[in-house]
Structures are given as structure tokens and as C-alpha cells.
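Have a look at the fold before reading on.

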Amino acid sequence: MKFQVKVPATSANIGAGFDVMGMALDIYNIFEVEEIETSSEVIFDGFELEYSNKDNIFYKSMILLLDKYEYKYNGFRISLKENNIPIARGLGSSSSCIVGGLVSANKILGNKFTREELVKVATDIEGHPDNVSPAILGGLVVTVVEEDKLYYNRVDISEDISEDIVFSCYIPNFKISTEKAREILPKEIKLSDGIYNVGHSMLTLLAFINKDYDLLKISCRDKFHQDYRGSLIDDYENILCKFNSYGALGTFISGSGPTIIGIFNSKDIEKNTINMKKDMLALKNEVKLINLIVDNKGAQVEER
């Protein structure tokens with residue numbers, strides 16, 4: 001058996017939706033899995049040396065599901081055919097590996113698991129669902145865990161960039177680990193801040209559902225994490241000012257950072273991108289600026 005798995009990038013939190021809201025974006029990691037009958041080993045192709053071993057999270061996720069069903073296997077060749085999601089930038093690189101491994105195992109098992117069940121297993125591995133759920137399901141997803149049971153709902157966001165919105169991603173050339181980004185957060189929050197985030201996250205969701213994008217400038221603000229994590233990102237306030245000066249409908253830190261996303265009306269994006277790239281040259285760090293739209297399909301399997 002030989003097949004490819006295509007997993008989208010994800011952006012978690014989206015302002016006030018801390019740990020519960022995320023969306024899939026249209027850049028992808030593509031993995032190829034081949035079951036090897038004549039070997040009892042795993043062969044890694046295309047991965048960096050530090051990930052080319054059995055601690056590889058793609059492999060561990062795949063084997064976890066296969067072992068659960070006591071699937072008898074010899075060996076595997078796992079290839080990273082395309083690595084487009086930058087590592088430790090807040091765009092779901094590790095989630096793409098977890099999801100890719102689980103989807104691969106499910107393919108090998110004859111699709112015994114529903115997508116909903118895969119979200120639960122992925123959440124158990126990742127620890128929280130806001131990256132893995134949109135990677136599996138596509139679209140904009142809100143997910144909560146209640147008494148060890150997972151509940152979610154998702155929204156398709158228009159992929160027609162000629163009529164709608166584009167997510168402009170400022171991706172600096174330094175990494176922020178999820179652990180460091182969590183350590184900087186307060187251990188307790190005020191009631192008023194909790195109320196603030198509940199309202200703003202609901203407003204963000206409704207803005208996307210109803211295409212009332214003018215609300216995003218306010219709704220993407222938050223009291224839980226962005227101000228704290230912004231201190232870890234060089235030129236944070238300056239970048240927000242640049243986005244806003246070019247008419248961003250809203251801005252937010254993607255995941256735990258350091259990627260910052262500005263939401264723009266698609267009709268303005270070409271001119272604004274040229275100007276933003278010029279301005280970014282004056283910032284402290286080298287920057288990659290890419291424009292993305294939402295992926296509504298989630299992880300996909302293709303026979304080879």
C-alpha cells in the first residue's frame with residue numbers, strides 16, 4: 001500500500017478564541033506512506049535528521065492508532081514530499097504531523113475511524129483541539145472538551161478570493177516554542193477579562209458566518225494571550241500598525257506566534273502586499289509575507 005496525505009496549515013485562537021477556535025489555511029505539508037513487506041524498520045525520507053527516528057511525531061501518531069487495533073505490520077517508508085508549513089511559527093506544523101500520522105493509520109486500517117473520532121485522538125495527543133480539528137475537518141472550527149467528550153462545530157468560509165477576504169501572514173525568521181509561549185501567560189484571569197473574551201470570540205465567529213468583516217477589527221482583540229505573547233515578537237506593535245495602516249479588517253497572533261495575520265479585503269491585497277513588503281524590509285528580522293485563503297476540506301488522502 002502506498003498513498004499520500006495532504007494536511008493544511010492551521011491558525012489557532014484567532015484573537016479571543018483561545019484554545020477553542022482555529023481555521024485551516026491553504027498551504028500544506030504532503031506526506032507519502034508506503035508499507036514495506038520485506039523490512040521490519042521505518043525509513044524516513046525528506047525529514048531533518050533530528051526528526052528521522054521513531055520519536056518522529058508523525059510515526060508515533062500513526063503507530064498509536066495501528067497498535068490500538070493490533071494491526072500487524074512489518075515496516076514503513078515515510079516521506080515528507082512537501083514541507084510548506086514553517087516549524088514553530090504558529091501555523092500548526094506539529095499538528096500537521098499528528099494529523100498526517102493518524103489519517104495515514106486510518107487509511108491503512110480501512111477507514112475505521114470517522115473524522116470526528118480522529119479529532120478526539122488528535123486532541124488527546126496534542127493536548128488541545130484548536131489546531132488539530134481544523135487540520136482534519138477544514139474550515140473554521142470551534143471545539144470544546146466536556147467531561148472527556150469532545151464537541152465541535154465548523155463553518156465553511158468562502159474560498160472565492162475575488163469576492164472575499166485574504167489572510168496575510170507575516171512570518172518572521174525566528175521561532176517561538178509553544179512551551180515558552182504558554183509560560184508567559186498569567187495563571188489566573190479576571191472575571192472582566194473572561195467576559196471580554198467570551199463576547200469577542202462570539203463576535204468573531206458571527207462576523208465570519210455573516211460576512212460582516214468590519215466587526216473583525218474589534219472582535220479579534222483579546223485579554224488572555226496576545227498582549228503577553230506580543231512581548232516575545234520583535235516589532236510587534238509596529239507590525240500591527242503597518243497592517244492597520246493598509247486597511248486590515250482585523251489582526252491577530254496566529255497560534256502561539258510569532259506569525260501575525262492581517263485580514264484584508266481581497267480587492268486590496270495586491271497593492272497592499274507590495275507596500276507591506278517594502279515596509280517589512282525596515283524591521284529587525286527577515287520576514288516572509290504570504291497571502292492565504294481558508295481550506296474547507298481538511299486533510300486529504302490520495303492513492304499513489
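Helices (H or I, at least four residues) and strands (E, at least two) are DSSP runs here, numbered from the N terminus.

A word on the ground rules. The model is predicted, so local features need pLDDT of at least 70 and side-chain atom pairs count only at pLDDT 80 or more, while totals for chains, interfaces and linings use all residues. Residues are numbered from 1 along each chain as its sequence is written, and side-chain values use heavy atoms, with hydrogens and water left out.

**Pockets**

On a 1 Å grid over the protein atoms alone, a pocket is an open set of points where a 1.4 Å probe fits, with protein on both sides within 12 Å along at least five of seven lines; a lining residue has an atom within 4 Å of a point. Grid points are joined across faces, edges and corners, and a volume is the space filled by probe spheres set on the points. For the make-up of a lining, Ala, Val, Leu, Ile, Met, Phe, Trp, Tyr, Cys and Pro count as nonpolar, Asp, Glu, Lys and Arg as charged, and the others, Gly among them, as polar.

The largest pocket holds about 860 Å³ of space. It has 37 lining residues, and the ones closest to its centre are Ile-87, Ala-88, Ser-93, Ser-94 and Thr-178. β4 (75-83), α2 (93-108) and α5 (178-183) each put at least two residues into that lining. By type, the lining of the largest pocket splits into eleven nonpolar, 16 polar and ten charged residues.

The second largest pocket has about 280 Å³ of space. Its lining is made of 14 residues, with Cys-220, Arg-221, Gln-226, Leu-240 and Thr-251 nearest the centre. Two or more residues of this lining come from each of α7 (216-219), α8 (226-230), α9 (236-245) and β8 (250-253). β8 gives the most, at four residues.

Thr-251 is buried (under 20% relative accessible area; exposed is over 50%, partly exposed in between, with a 1.4 Å probe and protein chains only), its own value being 15%. Leaving aside residues up to four places away in sequence, Thr-251 touches (heavy atoms within 4.5 Å) Cys-220, Leu-240, Phe-243, Asn-244, Ile-261 and Gly-262.

Strand β2 (residues 21-36) is largely enclosed by the rest of the structure, because 14 of its 16 residues are buried. Which strands pair with it? Two strands pair if DSSP finds at least two bridges between them, and the table gives β2's pairings.

| Partner of β2 | Sense | Bridges |
|---|---|---|
| β1 (residues 2-12) | antiparallel | eleven bridges |
| β4 | antiparallel | eight bridges |
| β5 (residues 140-146) | antiparallel | three bridges |

Met-23 turns up in two of these pairings: Met-23 is the bridge partner of Ser-11, and Met-23 also stands opposite Leu-140 in β5. Over on the β4 side, Val-33 stands opposite Ile-78.

The loop between β1 and β2 holds Asn-13. Asn-13 has a positive phi of about 80° without being a glycine, and Asn-13 is buried, at a relative accessible area of 3%.

**Helix α1**

Helix α1 (residues 57-68) has twelve residues and reaches 16 Å from first C-alpha to last, close to the expected 16 Å. That expected span is 1.5 Å times one less than the number of residues. Phe-58, Tyr-59, Ser-61, Met-62, Ile-63, Leu-65 and Leu-66 are the buried residues of α1. Residues three or four places apart in an α-helix point the same way, because there are 3.6 residues a turn. The cover over α1's buried residues includes β2, β3 (42-45), β4, α2 and α3 (115-126).

**Two loops to finish**

Asp-234 lies in the loop between α8 and α9 and is partly exposed, at 27% relative accessible area. Asp-234 and Leu-283 are 49 residues apart in sequence and 8.5 Å apart in space, C-alpha to C-alpha. Beyond residues up to four places away in sequence, Asp-234 touches Tyr-170, Phe-174, Ile-239, Lys-284 and Asn-285.

Where is the cis peptide bond? A cis peptide bond joins Gly-257 and Pro-258, with omega about 5°, and Pro-258 is in the loop between β8 and β9 (260-265).
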